[in-house]
Amino acid sequence: MKKYIYLFSITAVIVGMIVMSGFLTAGGIYEAETFVIQSRDMDNTVTGSGRLRYSSGKNIRSQYSGIAGEINVKNGDNVKSGDILYTIYKADESYTSMLSDESISAFLGSMAGGGDRSGIIAEAKKYCTPETVYADTDGTVTDLSINEDDIIKKDAVIMKITDTGTLEIPVDINELYIGLIETGQKAEVTFSALPDRRFRGEVTAVADEAEQTSGLTGRETTVEVTVTLDSSEPTEQLRAGYSSSCSIIASTDKDILVLPYEQVRTDDNGDHVYIMKNNRAVKRYIKTGREYKDGIEVSDGLVSGDIIIDSKEDVSDGQSVVIKQQMGNSDA
């Protein structure tokens with residue numbers, strides 16, 4: 001007798017499980033992913049792009065017209081004040097009009113196949129005075145633009161000596177948003193070459209004048225904003241010229257509810273979500289407000305702590321719900 005009672009009990013449990021499974025499945029959803037919505041602070045950002053550069057440096061200009069002699073440095077070299085940069089064969093002012101690539105080329109052309117440029121340069125050097133040019137500041141050589149025996153004109157920029165300790169990005173901001181930008185605002189910077197890293201920055205300058213630039217939609221009026229990288233950031237992997245995207249934090253909204261865009265449903269009566277209450281799905285109409293990068297503000301209809309049923313689930317109002325997975329909170 002006990003044996004039959006035992007078998008009957010097992011059968012009843014199995015049948016009950018099948019019935020319960022059928023009940024949950026018949027409702028369309030019996031397992032749901034959920035998350036808890038909580039108040040949080042949201043940043044209002046203005047985004048622009050630019051290329052990384054050294055924030056300060058000095059252009060080395062030629063004081064004379066002449067011919068380049070030995071070049072003692074190359075791009076990327078670190079120099080100290082007093083180091084030799086290059087030698088120039090300084091031409092007398094009365095001969096500078098003749099000392100040009102055009103004049104030399106014309107002279108060579110008039111020679112019936114005789115002579116060559118190097119020979120003429122060597123001969124010209126005999127009538128020039130060699131001058132050694134020294135660095136007058138510490139830094140790194142960049143933008144070196146001459147080679148030995150090049151013709152140099154007075155005031156030409158020969159190279160730049162930059163301070164590599166500080167890096168910055170000039171960012172073009174559309175005139176519609178420049179009123180939101182001011183010095184001291186924080187920024188998040190990403191680089192195409194290092195997509196998985198985020199760098200901290202700060203707005204250090206806003207240009208006084210606007211200019212016309214080429215954008216995705218054609219010509220637009222922009223103002224240059226300078227974002228300087230935080231001095232504590234590790235910059236050993238960065239290179240001047242890297243392309244970047246800068247998200248400048250223009251303001252911060254405090255203690256608001258934000259839903260990811262994909263969680264908001266819409267019907268004839270408006271926007272809504274499904275929340276979980278007493279193990280059932282409850283349809284809740286909401287009012288939305290400001291839009292952010294990560295979602296949209298819920299100005300009415302929800303409170304902090306509500307359990308939101310993930311919108312990918314096919315749920316209906318009043319349906320029984322079993323939590324399959326608790327997702328991260330909306331402020332994660």
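**Val-298.** I started with Val-298 and asked: is it buried or exposed? At 6% relative accessibility, Val-298 counts as buried (buried is under 20% relative accessible area, exposed over 50%, partly exposed in between, with a 1.4 Å probe and protein chains only). This is a predicted model, where local features need pLDDT of at least 70, side-chain atom pairs count only at pLDDT 80 or more, and totals for chains, interfaces and linings use all residues. Numbering runs from 1 along each chain as its sequence is written, and side-chain values use heavy atoms, leaving out hydrogens and water.

I looked up its contacts (heavy atoms within 4.5 Å): leaving aside residues up to four places away in sequence, Val-298 touches Leu-257, Leu-259, Ile-286 and Lys-287.

**The sheet.** Val-298 lies in strand E20 (strands are DSSP runs of E, at least two residues, numbered from the N terminus). I found an open sheet of three strands in the order E15-E20-E19, with antiparallel pairing (two strands pair if DSSP finds at least two bridges between them). Strands E15 (258-259) and E19 (287-291) are at the edges with a single partner strand each, so one side of each has no neighbour in the sheet. Two bridges join E15 to E20 (residues 296-300), and I noted Val-258 opposite Glu-297 in E20.

Key: Helix = DSSP H or I, 4+ residues; strand = E, 2+ residues; numbered from the N terminus.
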